[in-house]
Structures are given as structure tokens and as C-alpha cells.
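Colleague: I am new to this one. Please put the model up, and then I will ask my questions.

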Amino acid sequence: MDAITLLIDDHRRIDLLLDAVIHGDLTAVPRVCEALLLHSRMEEEVLYPTSARLLDDGGWDASAAIEDHAIMKRLIAELSEEPITTPSYVDRVGVLVRLWRDHVREEEEILFPQLAAALDPRAAEEVGDALAHVGRQPPTGTAEAHQDPGASSDGDVSWVESPVT
């Protein structure tokens, strides 16, 4: 599969996981976090170095994307140490969702069109193969939430739908 198709498919897969969270299932957060950690690793190890080699700046700021990843990783680490029932847990999940959505929009609207123009079909497949290889590696971080026994998985997640200001 070519690189851009693979990454867009991964974006949509993570979006589907986030839909469960948005609809109140906070027990899905650990799966979202694992997917985000793996996706970040794929981008950091393959996509961003490839983009740096092939593209001029062109409006894409790789350092901002790497900073997004660092913030996501910090939030994931904090979530893994916090009970699901705390208000700050819900707040952190909201920040993570908004950050993810902004990050995906920037990649799909700015980076991917530039990359598509720079890669011939064979090279796009090779980059896709490299991304898939990284994606098959076991996760390197923890995304396990510490949910209190008997805690409700229903959360007030109405904040997720509000626009970022």
C-alpha cells in the first residue's frame, strides 16, 4: 500500500476508536493511546525523515508536528497514571482528541498533497512498506489506564465536539 493511503487509513482507524470515547466509552482510551503511540512512531521514524529529504518547507512545519507528538505522549503518560473517574482525566482526553484532530488536518491538507507530488508510485509503495514495517513492531510505551474497579465507563465527553478556540 502506498504511504499516503496507509497513513490516511490509520487516521480513520484512530478516528473510529475516538468515536467510542466521544460517545462516552472512556474504557476505549487505552486502545486510542496505543494506536496514537504507534502512529507517532511510524511518522517519526519514516514519514518525517522522508518528508525532510524530499520537500522544501512549503508550509509544512515538521517541528510543530514533532511537538504535537511530544504533547500527545505526555498526555498519554499522564492518562496511564490517572484514574478514569477524575475530572482531569476527562479534560486530558479532550485535549488529546483536539490535538489529534488538528494534527491530522494539517497532515492531510498540507503534508500529504506535497508528498504525493514528490513521490512516484514505486517510491510511495516503498515508503508505505517502511511505515507498515514500523507499524508491525510491538508498542514501546504504555497506554494502560488505571480504572477504578467498578468505575463507570460513562463520561461527560460533550467537550469533544466543541471547536478548539
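Colleague: How are α2 and α4 oriented to each other?
Modeller: Helices here are DSSP runs of H or I of at least four residues, numbered from the N terminus. The axes of α2 and α4 are 12 Å apart, at an angle of about 30° (axes are lines fitted to C-alpha atoms over the stretch in contact; angles run from 0 to 180 degrees between N-to-C directions). Angles under 35 degrees count as roughly parallel, over 145 as roughly antiparallel, 65 to 115 as roughly perpendicular and the rest as oblique. So the orientation of α2 and α4 is roughly parallel.

Colleague: What pLDDT do local features need in this model?
Modeller: Residues are numbered from 1 along each chain as its sequence is written, and side-chain values use heavy atoms, without hydrogens and water. The model is predicted: totals for chains, interfaces and linings use all residues, side-chain atom pairs count only at pLDDT 80 or more, and local features need pLDDT of at least 70.

Colleague: Is the crossing of α2 and α4 left-handed or right-handed?
Modeller: A crossing is left-handed if the near helix is turned anticlockwise from the far one by less than a right angle, and right-handed if clockwise. For α2 and α4, the crossing is left-handed.

Colleague: How many charged residues are in the contact of α2 with α4?
Modeller: Contact means heavy atoms within 4.5 Å. From α2 come residues including Val29, Cys33, His39 and Glu43; from α4, including Tyr89, Trp100, His103 and Glu107. Ala, Val, Leu, Ile, Met, Phe, Trp, Tyr, Cys and Pro count as nonpolar, Asp, Glu, Lys and Arg as charged, and the others, Gly among them, as polar. By class, there are 14 nonpolar, 3 polar and, as charged residues, 2.

Colleague: How is α3 oriented to α4?
Modeller: Helix α3 spans residues 62–80, and its axis comes within 10 Å of that of α4, crossing at roughly 155°. That makes α3, relative to α4, roughly antiparallel.

Colleague: How many charged residues does the contact of α3 with α4 have?
Modeller: On the α3 side, Asp68 and Glu78 are among the contact residues; on the α4 side, Arg92 and Glu106 are among them. Beside 12 nonpolar and 2 polar residues, the charged ones number 4.

Colleague: How are α1 and α5 oriented to each other?
Modeller: Helix α5 covers residues 121–135. The axes of α1 and α5 come within 7 Å and cross at roughly 40°. Therefore α1 and α5 are oblique.

Colleague: Which residues of α5 meet α1?
Modeller: By class, this contact has 7 nonpolar, 1 polar and no charged residues. The α1 side is Ala3, Leu6 and Leu7, and they meet Ala124, Val127, Gly128, Leu131 and Ala132.

Colleague: Which helix gives the most to the lining of the largest cavity?
Modeller: The lining is 7 nonpolar residues, with no polar and no charged ones. At least two residues each come from α1 (3–22), α2 (29–54) and α4 (87–118). With 3 residues, the most comes from α4.

Colleague: How far apart in space are leucine 38 and glycine 135?
Modeller: Leucine 38 sits in helix α2. Leaving out residues up to four places away in sequence, leucine 38 touches Val134, Gly135 and Gln137. Leucine 38 and glycine 135 are 97 residues apart in sequence, yet C-alpha to C-alpha the distance is 6.4 Å.
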